Amino acid sequence: MALTIGIVGLPNAGKSTLFNALTRNDVLAANYPFATIEPNVGVVGVPDPRLGVLADLFSSERSVPATVSFVDIAGIVRGASQGEGMGNAFLSHIREADAICQVTRVFADPDVTHVEGEVEPSNDIETINTELILADLQTIERALPRLEKEARTNKDKLAVIAAAKEAQEVLDSGRTVFAAGLDREPLRELFLLTAKPFLYVFNCDSDELADAALLDRLRSIVAPAEAIFLDAKIESELVEMEPHEAREFLAEMGMDEPGLDHLARVAFDTLGLQTYLTAGPKESRAWTIPKGATAPEAAGVIHTDFQKGFIKAEIVSYDDLVAAGSVNSARAKGQVRLEGKEYVMADGDVVEFRFNV
């Protein structure tokens, strides 16, 4: 499942600082526009406390989490859709991403310049959305003549044309395709930027994180998309600490977990992914599958032979397994079941596949 989240935002919003914290990489984070020119890619583990429990239960040698890939993309500026700044590079890199994580600056710091001259999150979000919308309008305007010509001999293109015109109306109104909730399937061949799922990270300082009214206002700006609030500088400090120090620091801050953990889980969900679990003496592992995947498709993530020769999947829910204390105990309680080719996997299924090759 090689799906990626593109991290975008205005220059100096904290994209690279966030990326550094996410991946523990030393990507250049400088106080000037376009410090990030080539996209940097980092693979991040999705925190899952279930793995530690399974590792103890099965005496596993290691735990392997699911992962999500983040791409740190050059800062966008007003006029990017016309090639301003790193506009063309920005658009090509974001087109390759499967979802968009928009980092928006909330913190006030006179030593960190703002490309627009003032810190106003709603304006920054509008700037980026406008550039993406303008780029999509250009894409549709170029595509429609071709689609109309193809529709003369291929009637299947009529559905694409209708969807493109509906998207054009939405974009003309200043909304993204994602925010409008349009069906993305008939638009797939157009690779529209604003059809990608969005999530938003607001880069705040500690005082702003404690301001409930401010956070509610920011949530309302991006609803129904997910809003995540964190301090990228603090997150970058947390990843350098020993685990016990980080826990103490979080407790002092009144936080249950690092903001990065929340971001990784939301990003995973935004990509339409879920996990199933396997466990044994060698490893406890979370495997990544699309939501709605069947048991054979899930087996194929481990190895294509598992899918080709799929017979049955022996499944127990994580909660039932932990409550029972072992697979044998869960089996004695009738909580272990055999599922066939039509079974749709549930998040947290603990599985052993039976196959023949």
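1. Helices (H or I, at least four residues) and strands (E, at least two) are taken here as DSSP runs, numbered from the N terminus. On that basis, Q102 belongs to strand 5 (residues 99-105).

2. The model is a predicted one: local features need pLDDT of at least 70, side-chain atom pairs count only at pLDDT 80 or more, and totals for chains, interfaces and linings use all residues. Residue numbers start from 1 along each chain as its sequence is written, and side-chain values use heavy atoms, with hydrogens and water left out.

3. Q102 has 0% relative accessibility and therefore counts as buried; the term means under 20% relative accessible area, with exposed meaning over 50% and partly exposed in between (1.4 Å probe, protein chains only). Accessible areas come from the Shrake-Rupley method with a 1.4 Å probe, and for residues only the protein chains shown count as cover. Leaving aside residues up to four places away in sequence, Q102 is in contact (heavy atoms within 4.5 Å) with V8, D124, I125, I128, N129, F198, L199, Y200 and V201.

4. A salt bridge is defined as a side-chain nitrogen of Lys or Arg within 4 Å of a carboxyl oxygen of Asp or Glu. By this rule there are 17 salt bridges. One of them joins the side chains of R62 and E283 at 2.7 Å, N to O. Because R62 lies in strand 3 (residues 62-64) and E283 in strand 9 (residues 283-290), this pair ties together parts that are 221 residues apart in sequence. R62 is partly exposed at 48%, whereas E283 is buried at 16% relative accessibility.

5. E283 also meets R285 in a salt bridge (3.5 Å, N to O); R285, at 24% relative accessibility, is partly exposed.

6. The side chains of E339 and R337 form a further salt bridge at 2.8 Å, N to O. E339 is buried at 19% relative accessibility, while R337 is partly exposed with a relative accessible area of 31%.

7. On the surface, E141, E166, E169, D172 and D183 gather in a patch of negative charge. Patches are made of residues with over 30% relative accessible area and no salt bridge, like charges being joined within 9 Å; Asp and Glu count as negative, and the charge is placed at CG of Asp or CD of Glu. Helix 5 (residues 157-172) supplies the largest share of this patch, three residues. E141 lies in helix 4 (residues 121-150) and is partly exposed at 49% relative accessibility.

Technical notes
Patches are made of residues with over 30% relative accessible area and no salt bridge: like charges are joined within 9 Å, nonpolar side chains (Val, Leu, Ile, Met, Phe, Trp, Tyr) within 5 Å.
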